[in-house]
2 protein chains.
Amino acid sequence: MSEIPYKIYLSENEIPSAWYNVRADMKNKPAPLLNPGTGEPLKAEDLYPIFCEELSKQEMNNTDKWIDIPGEVLDFYKMYRPSPLVRAYCLEKALGTPAHIYYKFEGNNTSGSHKLNSAIAQAYYAKKQGLKGVTTETGAGQWGTALSMATAYFGLDCQVYMVKVSYEQKPFRREVMRTYGATVTPSPSMNTNVGRKINEEFPGTDGSLGCAISEAVEAATTQEGYRYVLGSVLNQVLLHQSVIGLETKAALDKVGVKADMIIGCAGGGSNLGGLISPFVGEMLRGENQYEIIAVEPASCPSFTRGSFVYDFCDTGRVCPLAKMYTLGSNFMPAPNHAGGLRYHGMSTILSQLYDEGYMKATSVKQTDVFAAAEQFARVEGILPAPESSHAIKVAIDEALKCKETGEAKNIVFGLTGTGYFDLVAYQKYNDGIMDDYIPTDEDIAKSLAQCPKIG
Amino acid sequence: MSEIPYKIYLSENEIPSAWYNVRADMKNKPAPLLNPGTGEPLKAEDLYPIFCEELSKQEMNNTDKWIDIPGEVLDFYKMYRPSPLVRAYCLEKALGTPAHIYYKFEGNNTSGSHKLNSAIAQAYYAKKQGLKGVTTETGAGQWGTALSMATAYFGLDCQVYMVKVSYEQKPFRREVMRTYGATVTPSPSMNTNVGRKINEEFPGTDGSLGCAISEAVEAATTQEGYRYVLGSVLNQVLLHQSVIGLETKAALDKVGVKADMIIGCAGGGSNLGGLISPFVGEMLRGENQYEIIAVEPASCPSFTRGSFVYDFCDTGRVCPLAKMYTLGSNFMPAPNHAGGLRYHGMSTILSQLYDEGYMKATSVKQTDVFAAAEQFARVEGILPAPESSHAIKVAIDEALKCKETGEAKNIVFGLTGTGYFDLVAYQKYNDGIMDDYIPTDEDIAKSLAQCPKIG
């Protein structure tokens, strides 16, 4: 048989010592964030009241190709990294495909996803700046869990605004965060002005991610020694997540394999951006070619049906404007179970790369995603998160195309996390009562019409 | 700093190719199973109607020191093994102890525990014998989950009788099993004679593990092509679980460390027996000395407060008699959240070793266990299962003793699994409403009085 093992592990001293900043290799940089009041491009200092200073600088840094990973962050990475690159021998056999399938598995840590890679970095910079704590919002809870692990490690206070419906329906995620010492508040709450206002306007509301963001930002800016942190979309997050792609590339190099195709699920872009960064870097420098596919839910298709325009990052319209593929900040995604993929916009870096043709995008239906998830779980052992399963679905489709053509392509995909806290969704699928929601053209046109008219 | 990495990984070709059978090195073999009707020792053939033939032989095999791991099982092991031996640097630092703490982490697979090591072996022998499927019972659900993963892999039918109260209160475990294609039936059910009888006698009963065992055994023996499988207590299970100890030993050898102390939680004995096997082997052969500590819950203290006598393995009194440390087959353990440690008896192998002084035992209170679990989670990242946390509690206590004495002992413990499905228990602990239950001497004397009078 092949000499490639099931799990390609790097050794601890092969964990990257610097994050790769793909913006440094981009000829056309991502469009700058704009002040929503003045329409002027923001400088790093403009972000200091909201974000840590070091993170604000990373957010604006379009020039430094490598940014050293601090020693304390590297030590933490060693508790759960390097993550394995797995050769999916069992899936290949089940599909009868000549393709070679690899997946980078980021779920082997208690937060259950790749989110921890950025959470620990953000907590570190907050600690270094001498802050007391951080605030954030969480929907499905993966980011909140990751952040509470990171803040517990550095002894920081952690205040999480959790969308009320998730707070009530996902009590287990909430308890993980509490076990790590975080304060979890259902949003909208009575703690903040914006929360009180929304509770007054919409009594009994279930809350929304947009509202939770607004509360977390207000909480950060009105308490001494606090800053706001975010788990996706931002350039700093993609920077930290480059550790995924760097390890993937190193592991492939170790066994002498060149990827033909790289597939990742895309919500705000944190996983996809991190996974593809070093590969896209080679494309940008003209060194290599890869076929890159972003997979998004048919219920929230920013790339495939959105527009590349300036838009608000939050429904509350208090955050900066970003030029990105968006469905409009008022777009209300249907209740898809992949909570991590329900964002209306997309990382500005990925938006720029997509616009220039460095990657493709496709959207998939929820029931097809769960069918792929189940097939994968049964042969590869891992119960995947619904988000990750979007990439699985397309990887399987591509492997089946190879079966028809006879091509032995090397397909690499990102398996971002585990589905242990998504069993309500699996139950619906098992019971045959899962729906597919696809927005109409009118829905999308209506919310896009409300984007600010800039550029 | 030290050259020992955070995670000591073996390579795939260092996975053991044979299980180690500690009975071969025991001068005094575990007492034989007896026929509950005649009181005669059982032969392997006597077990064929219930267990697969190969597993029945393994159950009785007191002589072969090594039993080859079949290639198909090894292939499956490669999907999640070798499991890491982790140096708990962060915990050591938090405790300020000179001790070196290591843990063997068996939770990095979807079943979430070490149970998969035996499940895949048992499913393999069932497949090889040409069976259609297997039946089993599950309480908390770890074993049922592991078995459903294993049967899915080999394309076998899997019928799980799940204690009714768990079926209703742990719907997520149930859904994992269903996702892997298992049929999960709340017990007592109307599928079996014994289930119907119990439902008639005790209308509305919540069920019990003893009852679920009886139903699973009846289902196995009354359907063509089915056998019963069990996840702990049995000699065959300890044999398969020896892979834990063999890898632990190999990893320690790799970094030149000799364990001084080995700690494991003990319910039926599957994890502890597997972890300590090769170390006890060295003690039995007079090659080395180790301090071995079994940790059990104060609510179900088989070793520390039970008797070493012949007893029934099940409350229904249909299974063979085993000589073991037991609290009596009618003992009703209080509702401790470590469901995997609520068995009234103990592996006959471990019982014999304990009786001869090869290991010590201690019992710990539930609230102390969860305090240790939380402390561990916050510094080591992993959210531990309540069962595993019994070992964590004692490892921390021992490390703190080292802090007083200044000894740099090498403490190794087994971290059997993750607590993602135990968050109701964590919530109780977080809310400060967790109880400790300790049986009275009268409770134990009463149930012990009902043991059969043999030997």
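How do the residues of the lining of the largest cavity divide into nonpolar, polar and charged? In this predicted model, the lining comprises 28 nonpolar, 14 polar and eight charged residues. The cavity itself holds about 610 Å³ of space, and it is the largest among seven cavities of 30 Å³ or more. Its lining counts 50 residues, and those nearest the centre come from both chains: A:Phe105, A:Asn108, A:Asn109, B:Phe105 and B:Asn108. Several elements give two or more residues to this lining: in chain A they are helix H3 (71-80), strand S4 (85-87) and strand S5 (100-105), and in chain B they are likewise helix H3 (71-80), strand S4 (85-87) and strand S5 (100-105).

We turn next to how the two chains are arranged.

The interface can be described in more detail. On each side 42 residues take part, those of chain B being in contact with those of chain A. Together the two chains bury about 4,000 Å², of which 56% is on carbon and sulfur atoms. Two salt bridges are found across the interface. In a salt bridge between B:Asp431 and A:Arg178, the side chains meet at 2.8 Å, N to O.

Finally, some details of the backbone deserve a look. Most residues other than glycine have a negative phi, and most peptide bonds are trans. Against that background, the peptide bond from A:Ser187 to A:Pro188 is cis, with omega near 5°. A:Pro188 sits in the loop between strand S8 (183-187) and helix H9 (193-201) of chain A. In chain B, the bond from B:Ser187 to B:Pro188 is cis as well, with omega near 5°, and B:Pro188 lies in the loop between strand S8 (183-187) and helix H9 (193-201) of that chain. A:Val233, although not a glycine, has a positive phi of about 65°. This valine, A:Val233, belongs to the loop between strand S9 (226-228) and helix H11 (235-254) of chain A.

How values were computed: Residues numbered from 1 in each chain as written. Chains lettered and ligands numbered in written order. Predicted model: local features only at pLDDT ≥ 70, side-chain atom pairs only at ≥ 80, totals over all residues. Heavy atoms only, no water. 1 Å grid on protein atoms, 1.4 Å probe; cavity = no way out; pocket = protein on both sides within 12 Å on 5 of 7 lines; lining within 4 Å. Points joined across faces, edges and corners; volume = space filled by probe spheres on them. Helix = DSSP H or I, 4+ residues; strand = E, 2+ residues; numbered from the N terminus. Nonpolar A, V, L, I, M, F, W, Y, C, P; charged D, E, K, R; others polar. Contact = heavy atoms within 4.5 Å. Buried area = accessible area lost by both parts, 1.4 Å probe. Salt bridge = Lys/Arg side-chain N within 4 Å of Asp/Glu carboxyl O.
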